[in-house]
Amino acid sequence: MKTKEMKARRINIPAQAIESFIRDVLVMEKVVSSAAGYVARGLVNTSLRGVDSHGIRLFPHYLRALKARRINPRPKYKFTKTSPSTGVLDADHAFGHAAGMEAVRRAIELARSAGSGHVSVKNSSHFGAAAFYALEIAKRDMIGMSFTHADSLMLTHNGKEPFLGTNPLCFAAPCEGEGPFCLDMATTMLNFNKVIQSRERKLDLPPGTGTDKDGNVTTDAGRVTNLLPIGQYKGFGLSLMIEILCSVLTGMPYGKKITSMYKDPIEKRRRLGHFFSAIRIDCFEDVGTFKKRLRQLLTDIRNEPRKCKDTAVQVAGDPEKASFRERSVKGIPVSLPEWEALVKIQKEYGVSIGKVKYAKT
Ligand SMILES: NC(=O)c1ccc[n+]([C@@H]2O[C@H](COP(=O)([O-])OP(=O)(O)OC[C@H]3O[C@@H](n4cnc5c(N)ncnc54)[C@H](O)[C@@H]3O)[C@@H](O)[C@H]2O)c1
């Protein structure tokens, strides 16, 4: 490694460069090009939005999972339309990003003719950030919702072990004069990829977010094995709702029976389920009126009196919109270990990311 790389604390990678790199490497591994494109776009968009836990840092893990055939590079999807507004997609162990986008395409198509479209997905894999899908729906003047279950990590309320996963949900709706409103959240205080990032960076976790294996609350990222639900039993209930949509409804395993992303053998298929909904706004309200009213609602909230004058009142999606603006110009920052993992892949495949910027902070 060159001296300037060794001195740098962070490396900024232009979004387009890393997106082509990810796509090219996946295509070299014989991944069907549309799927490679969705994985690359999904990871890069997520990083641009500042959600580093589910962005490009996951690429080396995805590549390992692909090589071990946890992920099928050339899946044969089977879609069954089950009513004018519903369908089931068997994703044949595709990349979650590709399976999710195929389901979203179907949900939008169903909504166009029936008013709303709802698609469940079975035999999928990790789909990254839930926002990638709901935002795609919101681009079509529809309300988008996306859900996935995940492997067991959330401490059961009043229990001493985890059962449910960090099961995230996303709700996105189009808004006048700015990007869609977008609430995208795990049902645990933290998602587990943030714990891994904190371990790598030797940082403590925020208090009250995780426990050790005996259920004792700790901020030591190295000792955290269980994550606490948001809002205690209410978050636990919300996670259970998502589990019902993604496993009971799809026939996929639930809770502790789900293959762990990191702990199980990398060749073991994950058999994850997802659920997507697209709701046409014009079936309820004139689209222009809806977008205008939503903008007014968000503006009214942002203009509420501040408790601390230096801290803005924000609505869900605001931090990600700010990050998107900044990173689209400056590039996506990665830590030195994350960069080293990418350097290894560049050497292995003989593909270059191109010019990057080195930063000391
Ligand atoms: N695929 C999986 O298995 C899986 C599992 C868990 C989480 N995830 C993904 O991880 C990502 C991160 O999830 P998270 O729960 O850690 O996110 P987070 O806690 O950073 O943010 C959650 C939501 O709160 C909003 N928010 C943040 N700060 C705010 C503020 N000051 N005021 C108002 N709103 C604010 C954000 O805009 C976002 O919509 C998501 O994209 C999620 O889909 C994926």
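**Close-up 1. A salt bridge joins Glu136 and Arg140.** The closest N and O atoms of this pair are 2.9 Å apart. The model shown here and in the other views is a predicted one. Glu136 has a relative accessible area of 12%. That value is under 20%, so Glu136 counts as buried. Arg140 has a relative accessible area of 33% and is partly exposed.

**Close-up 2. Glu102 pairs with Arg105 inside helix H5.** The two residues form a salt bridge. Their closest N and O atoms are 3.0 Å apart. Helix H5 covers residues 96-114. Within this helix, Glu102 and Arg105 are three residues apart, about one turn. Glu102 is buried, because its relative accessible area is 13% and the limit for a buried residue is under 20%. Arg105 is partly exposed, at 39% relative accessibility.

**Close-up 3. Asp310 and Lys309 form a salt bridge between exposed residues.** Their side chains meet at 3.7 Å, N to O. Both residues are exposed. The model has 24 salt bridges by count.

**Close-up 4. Five charged residues are linked in a network of salt bridges.** The members are Glu178, Arg295, Arg302, Asp318 and Lys321.

**Close-up 5. The ligand is surrounded by 24 residues.** Gly128, Asp184, Ala186, Gly317 and Glu320 are the closest of them. Gly317 places a backbone N or O atom 2.7 Å from an oxygen atom of the ligand. The side chain of His126 has an N or O atom 3.3 Å from a nitrogen atom of the ligand. At Cys182, a polar backbone atom is 3.5 Å from a ligand oxygen atom. Taken alone, the ligand exposes 860 Å². The protein buries 77% of that area.

**Close-up 6. Thr148 makes a polar contact with His274.** Thr148 is found in strand E5, residues 142-148. His274 lies in strand E10, residues 272-280. The side chains of Thr148 and His274 make their contact at 2.9 Å. A polar atom of the Thr148 side chain also lies 3.3 Å from the backbone oxygen of Gly273. Thr148 is buried, at 6% relative accessibility. His274 is buried too, with a value of 0%. His274 and Ala130 are 144 residues apart in sequence. In space, their C-alpha atoms are 9.7 Å apart.

**Close-up 7. Helix H11 spans residues 336-349.** This helix has 14 residues. From its first C-alpha to its last, H11 reaches 20 Å. That is close to the 20 Å expected at 1.5 Å a residue. Several of its residues are buried: Leu336, Glu338, Trp339, Leu342, Val343, Ile345, Gln346 and Tyr349.

**Close-up 8. Leu240, Ile244 and Val248 make a nonpolar surface patch.** The patch has an area of about 270 Å². Ile244 is found in helix H8, which covers residues 233-248. Ile244 has a relative accessibility of 45%.

**Close-up 9. Gln232 has a positive phi although it is not a glycine.** The phi of Gln232 is about 50°. Gln232 is found in the loop between strand E9, residues 226-227, and helix H8. Gln232 is exposed, because its relative accessibility is 52% and exposed means over 50%.

**Close-up 10. Asn158 is another residue other than glycine with a positive phi.** Phi of Asn158 is near 70°. Asn158 is found in the loop between strand E5 and strand E6. Strand E6 covers residues 169-175. At 75% relative accessibility, Asn158 counts as exposed.

Terms used. Residues numbered from 1 in each chain as written. Predicted model: local features only at pLDDT ≥ 70, side-chain atom pairs only at ≥ 80, totals over all residues. Heavy atoms only, no water. Patch = residues over 30% accessible without salt bridge, like charges linked within 9 Å, V, L, I, M, F, W, Y side chains within 5 Å. Areas by Shrake-Rupley, 256 points an atom, 1.4 Å probe, with all protein chains shown as cover. Salt bridge = Lys/Arg side-chain N within 4 Å of Asp/Glu carboxyl O. Helix = DSSP H or I, 4+ residues; strand = E, 2+ residues; numbered from the N terminus. Buried < 20%, exposed > 50% of the residue type's maximum accessible area, 1.4 Å probe, protein only. Near = heavy atom within 4 Å. Polar contact = N/O pair within 3.5 Å; in protein donor to acceptor, adjacent residues only side chain to side chain. Expected span 1.5 Å × (residues − 1).
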